[in-house]
Amino acid sequence: MASLEDSALEKHPFNSTLETGIRALVVLEAFYPRHCDLMEMTWFDHLVVHTSDIGEQDVPKSLHPDLPNRTGELLVRRQLVERSLRMMQQMHLVEVFETDAGIEFCASEEAPSYVGLLQSPYSRALKHRARWMADRFAQHESAEIRDLIEDRIGRWTAEFRADDTTSGGAV
């Protein structure tokens, strides 16, 4: 008999906790040693597979199809990203830090070894896009990234902003 998680994987293979957790781990490993909060990780989870949404030249081609309603995913993805980060923490691949700004996530010392094992064509493409994002965003403050996303992909953030300011970026 199939488990509930198996059933979810059959229906939504790119939206399982495991798939999202691996994407989060790849992103955090590319951004190391920078810490990222939950809001940033939600943005980065979208951007790592929809790189063309950033709307700049010399951006790697999006890894997932550009479906019409994909930006609306962010409103529901935050909880999935949080669950996936917690799962990666339980596997000792992600470290969690409580700071004055809220809760932040960082790749653990074990992360590079695990990420190095990911060698499928999809995984290599994902790592390439994560490195591109880290080169593009790692030196920016969260507010700068938010401003850029609002400027380029403003559809998301009007509804997100209220949540971000009330929670202080904390989980």
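**View 1. His 92 in the loop between H4 and strand S2 (94–99) of this predicted model.** His 92 occupies the loop that links H4 to strand S2, and its phi is positive, at about 65°, although the residue is not a glycine. Most residues other than glycine have a negative phi. With a relative accessibility of 57%, His 92 counts as exposed, because the cut-off for that class is over 50%.

**View 2. The cis peptide bond between Tyr 32 and Pro 33.** The bond that leads from Tyr 32 to Pro 33 is cis, its omega lying near 10°, whereas most peptide bonds are trans. Pro 33 belongs to the loop that runs between helix H2 (17–31) and strand S1 (36–37).

**View 3. The contact of H2 with H3.** The axes of H2 and H3 come within 10 Å and cross at roughly 100°, and the two helices are therefore roughly perpendicular to each other, since angles of 65 to 115 degrees are assigned to that class. From H2, the residues Thr 20, Arg 23, Ala 24, Val 27, Leu 28 and Phe 31 take part in the contact, and they meet Met 41, Phe 44, Asp 45, Val 48 and Val 49 of H3. Sorted by class, the residues in this contact comprise 8 nonpolar, 1 polar and 2 charged.

**View 4. The open sheet of 3 strands.** The strands follow the order S1-S3-S2, and their pairing is antiparallel. S1 and S2 stand at the edges and have a single partner strand each, so that one side of each remains without a neighbour in the sheet. Strands of a sheet pair through backbone hydrogen bonds. The antiparallel pairing of S2 with strand S3 (residues 102–107) extends over 6 bridges, and within it Val 94 stands opposite Ala 107 of S3.

**View 5. Helix H2 against the strands.**

Methods:
Residues numbered from 1 in each chain as written. Predicted model: local features only at pLDDT ≥ 70, side-chain atom pairs only at ≥ 80, totals over all residues. Heavy atoms only, no water. Helix = DSSP H or I, 4+ residues; strand = E, 2+ residues; numbered from the N terminus. Buried < 20%, exposed > 50% of the residue type's maximum accessible area, 1.4 Å probe, protein only. Axes fitted to C-alpha atoms, helices over the stretch in contact; angles between N-to-C directions. Parallel < 35°, antiparallel > 145°, perpendicular 65-115°, else oblique. Contact = heavy atoms within 4.5 Å. Nonpolar A, V, L, I, M, F, W, Y, C, P; charged D, E, K, R; others polar. Pairing = 2+ DSSP bridges.
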